[in-house]
Structure formats: structure tokens, C-alpha cells
Amino acid sequence: MHQLQGSTSQLHGYIKRLRVGYAITSVAISLIIAWLSLYSLMPTVFYILEHPNTLFILMLANAIGLVASWYQASGYFKLASINRRYSHGKLGITLLVITWLLAVSSTVIYYLSITIFVAKGFYFVWPVPNPVLADLSLALAISSFITTFPATYLLTKTLYRLGNDLEKRIIKVGAVLLAISALEPMLLGIFLLIVSMVPSIPVIISSLESSMPIRIEIPLEILTVLTLLITGLPPITGLAGTTLLAIGLKIN
């Protein structure tokens, strides 16, 4: 087994930064889960346009995530300087900081697009988002989705090795759960990127649906449950991972 090298007090300090960071990240993910739950109860998909202040929960969650990853950065960098086996953590935490920064920017810009810089001359039942800012917000959101998995995967490799060195399985399990939770957002980001680059895809899908001889009607209740499962599983899995890491990284 590879052994950690360096002053015990120093190692405790570096690992403590990781543990505190994941505890803070758990708060951020909990807020995201709360926002998704609130969104599922909204009467229409346009509810946010009428009540833009509901985005403050999401903005706060992303800001907390950014602070947590920034706080962890020095811990990962110091661990990498102690042992080259942890070098993946340096790139991983850098990408994670960028990911959270993109997420914060996306939500703030979208909020501005439906409040201060709302499209002028267009107002139906709800305000129309500023098209330029809305497109920028979408581009930033897609970028954050795509970079989520590479960042988390690199951190997972470091945490898994750390779990081996500390002989703590809970750290390895938490790291794997964190990587799994980041996979779906990346796939969603890739899908949204393809759709945005090829605008005809929705038209093709619609034409295929209309040409099908047999139409399958899915009850609204089942569709709602499926939607909640698809959108809810990643943050719930991520919360389980960060919680296990916050517990497992505690060194006596």
C-alpha cells in the first residue's frame, strides 16, 4: 500500500479542507434538490418568468458550490505536491471551480435576462427573456454540464487513492457516487449542445412522432414521476457522495 508522506499535522490540515468543502457542497446540493422540488410543483414551465425571484435559490446554491470548491483547491494542490499519485486532483479541482463559476454566471445572466434586460416591446402573460442574454446563459449552462463529469472523474481518482491510503472504504464509495452523479449532467449538456448546433433535430423528432402509425399516450402522473427521477437522481446521488466524503475524510 502506498503511504502518505509528510507532516501529520499538515496532512490533517489539507484533508480537513477537503472534508469541510464537501460538507459545504452538501448544503449547495441540498438547495438544488429543494429548487428542483419547487420547480416540479410549479403550475407551468413559464412560472419562473412570472416569478424570477425563485431563481435566487439556484443562484445561492451555485455560489455556495463555487465557494466550497475554491476552499478545497489549496488542499488538493498541497496533496498533489506531497504525492504525485494525487496530481489528478489539481486539474480536477480547477475544472470544478470553472464548472461552478459557469453555473453561477448562467443563472445570474438568465435572471437579468427576464428582469432588468427583458426583451422590450414583447410582453404576453409573462415577460420575454432578452434573446442575447438567454442564449449566453444557455451556452454557459451547457458548458457547466459538460465539464461536470471530467472534473468529478479526476477528483474521484484522487479521492479513491486517498481512500486506499487511509484504508477507508467510505471515502472510495463516496467518490464513486460523486462520479456517477456527474455523468447524467454531462450527457444532458452534450445533447443540448447537439440540439443547439443542429436546430432541425426537434423538427425531425416531431415529424417522426407524427408519422408513427401507433401513438403511445403516457399518463401525466407517470411522466411526472419519470421526470422527477431523471432530474432528481443526479443531485441525490451527489448528495450521498458528498455526505459520505464529509464523514469519511475526518481523521482522528
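This is a predicted model: local features need pLDDT of at least 70, side-chain atom pairs count only at pLDDT 80 or more; totals for chains, interfaces and linings use all residues.

User: Leaving aside its neighbours within four places in sequence, with which residues is Thr237 in contact?
Analyst: Contact here means heavy atoms within 4.5 Å, and neighbours within four places in sequence are left aside. On that basis the partners of Thr237 are Leu177, Ile180 and Ser181.

User: What percentage of the contacts between residues at least 6 apart in sequence join residues at least 24 apart?
Analyst: The protein has 252 residues, of which buried residues make up 38%. Among contacts between residues at least 6 apart in sequence, the share that joins residues at least 24 apart is 77%.

User: Are H3 and H4 roughly parallel or roughly antiparallel to each other?
Analyst: Two packed helices are described by the angle between their axes and the distance between the axes. For helix H3 (residues 55–82) and helix H4 (residues 88–113), the axes come within 8 Å and cross at roughly 165 degrees. By class, the contact of H3 with H4 has 22 nonpolar, seven polar and one charged residues. Angles over 145 degrees count as roughly antiparallel, and H3 and H4 are therefore roughly antiparallel.

User: At roughly what angle do the axes of H4 and H5 cross, and what is the handedness of the crossing?
Analyst: The axes of H4 and helix H5 (residues 131–166) come within 7 Å and cross at roughly 155 degrees, so that H4 and H5 are roughly antiparallel to each other. The contact of H4 with H5 divides by class into 18 nonpolar, 13 polar and two charged residues. As for the handedness, the crossing of H4 and H5 is left-handed.

User: Into which classes do the residues of the contact of H5 with H6 divide?
Analyst: The axes of H5 and H6 come within 7 Å and cross at roughly 165 degrees, and H5 and H6 are therefore roughly antiparallel. H5 passes H6 in a left-handed crossing. The residues of this contact divide into 21 nonpolar, seven polar and one charged.

User: Where does Glu167 lie, and is Glu167 buried or exposed?
Analyst: Glu167 lies in the loop between H5 and H6, and has a positive phi of about 55 degrees although it is not a glycine. Its relative accessible area is 63%, and since exposed means over 50%, Glu167 is exposed.

User: Which residues touch the most other members of the largest nonpolar core?
Analyst: The largest nonpolar core holds 32 residues. The elements that give two or more residues to this core are helix H1 (8–41), helix H2 (47–50), H3, H4, H5 and helix H6 (169–197). The residues that touch the most other members are Leu18, Tyr22, Leu159 and Leu249.

User: Leaving aside neighbours within four places in sequence, with which residues is Leu159 in contact?
Analyst: Leu159 is one of the residues that touch the most other members of the largest nonpolar core. Its contacts, with neighbours within four places in sequence left aside, are Leu18, Tyr22, Tyr76, Ile171, Ala175 and Leu245.

User: Does Asn62 count as buried or exposed?
Analyst: The place of Asn62 is in helix H3, and, leaving aside its neighbours within four places in sequence, Asn62 is in contact with Ile32, Trp100, Ala103, Val104 and Thr107. At 6% relative accessibility, Asn62 counts as buried.

Note on methods. Residues are numbered from 1 along each chain as its sequence is written. Side-chain values use heavy atoms; hydrogens and water are left out. Axes are lines fitted to C-alpha atoms, for helices over the stretch in contact, and angles run from 0 to 180 degrees between N-to-C directions. Helices (H or I, at least four residues) and strands (E, at least two) are DSSP runs, numbered from the N terminus. Angles under 35 degrees count as roughly parallel, over 145 as roughly antiparallel, 65 to 115 as roughly perpendicular and the rest as oblique. Ala, Val, Leu, Ile, Met, Phe, Trp, Tyr, Cys and Pro count as nonpolar, Asp, Glu, Lys and Arg as charged, and the others, Gly among them, as polar. A crossing is left-handed if the near helix is turned anticlockwise from the far one by less than a right angle, and right-handed if clockwise. A nonpolar core is a set of buried Ala, Val, Leu, Ile, Met, Phe, Trp, Tyr and Cys residues joined through side-chain atoms within 4.5 Å. Buried means under 20% relative accessible area, exposed over 50%, partly exposed in between (1.4 Å probe, protein chains only).
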